[in-house]
Structures are given as C-alpha cells and as structure tokens.
Amino acid sequence: MFVSTLSGLYMAEDLNWAVGGEAGDGINSTGKIFAQALARAGRHVFTSKDFASRIRGGYTAYKVRTSVDKVQSVVDRLDILVALTERTVEENLDELHDGSVVIYDNERTEFSDFEAPEGVTGVPVPLKELAEEAGGAIMRNVVALGAVCGACDFPIENLDEALEKNFGSKGEAIVENNREAARKGAEYVSEEHGDLETLQSYEVETTDSDYVLLNGDEAIGMGAIAAGCRFYSGYPITPATDVMEYLKGRIEQYGGHVVQAEDELSAINMALGAARAGARSMTATSGPGIDLMAETFGLVATSETPLVITNVMRSGPSTGMPTKQEQGDLNAMLYGGHGEIPRFVLAPTTIDECFWKAVEAFNLAEKYQTPVYLTADLSLAVTEQTFSPDTFDMDEVEVDRGKIVDEDEIESWQDEKGRFQPHFPTADGVSPRALPGTDGGVHMSTGLEHNALGRRTEDTDVRVEQVDKRNRKIETAREEEDWSPMEYGEADADTLVISWGSNEGAMIEALDYMESDVRFISVPYIFPRPDLTEAVEEAENVIVVECNANGQFADLIEQDTLTRVQRVNKYNGIRYKADELADEIDAALSNEVQA
C-alpha cells in the first residue's frame, strides 16, 4: 500500500527490499544481516527466500518486508532491489513498479541492459571498487547494504550490531573492515545520487521496540529445549537441517546431546533408543526421510514409546525440488506405515506457533505414549520474522510427562508374579510407564504383537485387546485435549475459507484485499482435528486453501463434513502471497456465482 507525500511522490507504509544473485554469492548472509539490522532498529520484519538446490550457480534471492507494524506475509511488490546480476532484475520484473529503485554494480553491467518497467530508477554503485578500498572485494555485498541505507535514509549505525554478530568470530579487524565497507556504500549513494527524487521518497522509520528474529526451524529447536528435549538425532536434509543446527551448541548447555546420524533410518532408531531410556527425544527430516523412517515409526507406536518426529515439508515426490515450498506430505503422515498406527499430527500455522506446538508435541507424546508428527513446511522453516521477546514466555511452558510410575507406585501395576505390565489394557488406553532403573519396573517390549507384559503373542483375544487399547489413546485425547482452530475475519460471512499450516499469515492479510467479507478458519491440528461440520453448513461458499496439487486437506474436510468444497491450490514451489491469494479466492467466488 502507498500513501501520498507532500512532494507528490509516494512513500511505502511497508518497505519491500530484496537482494539477488547467484548461489554462492553470499545472498543469504547479506539478507539476514539487513533483516537483523531492521529488527534491532525496532522494525517488524518478514522474510522470504528463493534459492536453488545447488552449492554454486542458479538464481537465489532474499526478500525482506519491513514495517513499524506487524507483517505476516510477502506481497507482489519490490521497492528497493539490490541486483548483483542482470538475471536478478529479470526474475523480479513483475514486482517492480513506478518508483522502485534498483541498486546495481555498474562495474559489471549497465542499467540500459535491464528491461525494467517505466518509472524504475537505476542507482549504479561500484561495489567491488568500494569494497577493495575498505579491505577486500569479498565485502561487495556489505557495500551494497550500505548503499541501501543511503537510498532509504536508514541510519548506517543500525548495521553495526548485525555485522558484529555475523563477523565477530573472525576478529575485530574484519568487523571494522565491514563497517567501513557499509559506510562507503552509504556515502557513495548520498553523494552521487542523493538528489534523485525517487530516493527522497523512501525513509525507513526506526523505533525503540525490542524484537527477536528467528525462523520456524529455530523456533522448533527452541521449543524442544524448553519442553525438556535432551536428545536429538538427525541426518542433514533440506529444509529441516536448521533444527539440528540450532540445537547443536545449545542443547548441551542443558545436559542434552545432538547426534548426526549416517542416514534417516539410523536417526529415528537412535531417537527411539533414547526415548526408551527415558529422555525426551526428537528427530527431524523432510519427505524422503519420512519414507525411510516408516518402519521404525510402526515400532515406536507398537512399543508405545513417546517420540517427536519433525517433518519439514518440501516439493516432492522423490527428491522433487528440495528448496521449494509444498504441503504434499499430509497423507503420508496421516496414513504412512504398515498396518494401523495411532499417531498425532500437529501443524503449526506461524513461526511462533512452531515453538508452542513443539512443546505440545512432547507433552502429547509422553501423555499418550504415541509418536507425534510435528509438521512445518519450507516457508515456515526458512522464513525469519520478528517477535516481541515475551512471545516466548518460558514461565508459560508446562511439561507433562504422563503416567511415569516410581517405586512407590510400581506394585499396583505388577501381575501376581511381581512382573511389571508396561502394556496393561487400561480404560483410557494409556498404560503406566517405568523408566529404566525403576525398582520393580523391569520389562520388555517388542515390535511383534505382545501381551500386557510386552511378550510376543499370537493369541487372537490379546491381539484385539492390544489394538483396541492403542486406539483408545486417540479417543481419550480427543476428549481431554483442546483441538480448536483459530478464527479470523467475519464470523457471520457467507464465505468460509479453511486452511492449514503456513498459509495463515498470507490469508490474514488477504482479508484486507478481498472484495467480500470472509470467515477464515486456520487449522493447526491434522489428527485429531476439529469438527468443522457446523461451520461448513453455515456457509454458502466453502474454499480450502493449501499448497499441493490434489487438495489433500480439502479431501479431509469433505470426508468429515460430507460436503463438497472449492479448492484453491498452489504447487509451483512458491509460497502464497497475500494479494495473490486474495485474487485467487475472489476468482473462485466469481466462478461459483457464474456457475
């Protein structure tokens, strides 16, 4: 959105900035430095990344949307673009507008080489030359950041702390060189291009607010530690690796351990072993890893071992597009595995909810001695967003370890021979749990069907008893836990939009763009999930929004409510944008009316 200024130019209420180039050019670190600087200047930040699945080569970009007000989505508009290559402009042509500024390296190209829209202002900066003056050509990206500060009148001092954070480990001299490089970029723009009318329209306001900046993977890791997770095993896989990166070096401070396994099978088996030993345990992976973990997933459920499995979805099938967005694993998490396996599937809808749902996942796993899928997607995983520190109030974290019994209680769960019964068929389906070392609690469990003692059996009556017992846990959870969704928009609107996962932020902002009133329900629980039958029956139009081709969540809504719904699906590997999503829903409603 733009507002008029007295000069007749336009100033953005929120600034949309991006840096683009080739993989290996340091685009990610450059974007994150600027995002950190904005956050430290008391501005809200929401980021988006576009990167290729390769180490070098291929277009990559880092986009930052920033405002003094909360932002929850990206939009189809770029105000300032740092183009380290000609392709960067080509990739972003549809988002440039009359008034956009393109900062580019005039040692590499000319602005006339770009087919930019009318009204776009080119700002040439000799990035390499200025970087070499500051100490080395490797700092050309930092010069570009300084140029951005000069272009939007953002105090260069705000970069200093972010530069210290990113380069401090390399010594004070390196930090000082980077500070000098940033200042050279800012001074060059001010001196050589300060009279450009377009630049005078951009001014980034700072505030005294204090924000933390983190992505969904980091929030999951932070939530795991807060929940008492003390063992993590995993194999690196995009886009889940940052969970392990966050935990490494942090979980050890609380007596925990991170193990990098040789593959996904080993990772889940290690996590299972740690959980059996009594540690709150987790592994994290993405689609291909979930496939490999399926057999052990069944063992986790049958042995009634509490375990959290984080699945950060990406485009599939097979290796698909590892660095692109998709929500295609829903059916795999709901139904994957041989036989019938009780499970929970939680799907955080925002980055801060990644923290709280991680805490909830560990509690559910231990309360019901059942595996829990904690599922995010690439958009949640790699997006950084600002939050007030009290968003993650550790005093609000509650840890529920379920039916762990000690020596004083163990006798009531032993048979007539004094043997502990870890799979006793209780009324609620949840058996007592004795941790290793508990006097009188020695027991065994097996992946074969077993009796109350955990010993294998093929007795038909015991088989039915144990299957029913394991399934009862889910029914107990349905009654005892709160599976409510979040609601936004107009409660009595004729149009109902339902979504799950990371689409929430874009949809909330899309409400402001839409032509008609909408009731929006965002669902963070896939199984068990809330009953939306009444909401669906009250609406004239029901639309389900998700990032997959076949409408997997829409299928569930139709199954639950016995009502056909419209589907708005996106599966090109790019997340929804607020204005784009509003257009898609308006178009779907228009088609419904015409029909």
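How many aromatic pairs does the rule give? The count comes to twelve aromatic pairs, where rings of Phe, Tyr and Trp (its six-membered ring) pair if their centres lie within 6.5 Å. The model is predicted: local features need pLDDT of at least 70, side-chain atom pairs count only at pLDDT 80 or more, and totals for chains, interfaces and linings use all residues. Residues are numbered from 1 along each chain as its sequence is written, and side-chain values use heavy atoms, with hydrogens and water left out.

**Aromatic pairs**
- Trp 17 and Phe 34 form a tilted pair, 4.6 Å centre to centre with 45 degrees between the planes (under 30 degrees counts as stacked, over 60 as edge-to-face, the rest as tilted).
- This pair links distant parts of the chain, 17 residues apart: Trp 17 lies in strand 3 (residues 15–22) and Phe 34 in helix 1 (residues 27–40).
- Trp 17 is buried at 1% relative accessible area, and Phe 34 is buried at 0% (buried means under 20% relative accessible area, with a 1.4 Å probe and protein chains only).
- Phe 297 and Tyr 373 are stacked, 4.9 Å centre to centre and 15 degrees between the planes.
- Both Phe 297 and Tyr 373 are buried.
- One aromatic cluster is formed by Phe 344, Tyr 368, Trp 483 and Tyr 525.

**Whole chain**
- Of the 595 residues, 58% count as buried.
- The C-alpha trace spans about 90 × 65 × 40 Å along its principal axes.
- The protein chain has 18 helices and 22 strands (DSSP runs, H or I of at least four residues for helices and E of at least two for strands, numbered from the N terminus).

Notes
Buried means under 20% relative accessible area, exposed over 50%, partly exposed in between (1.4 Å probe, protein chains only).
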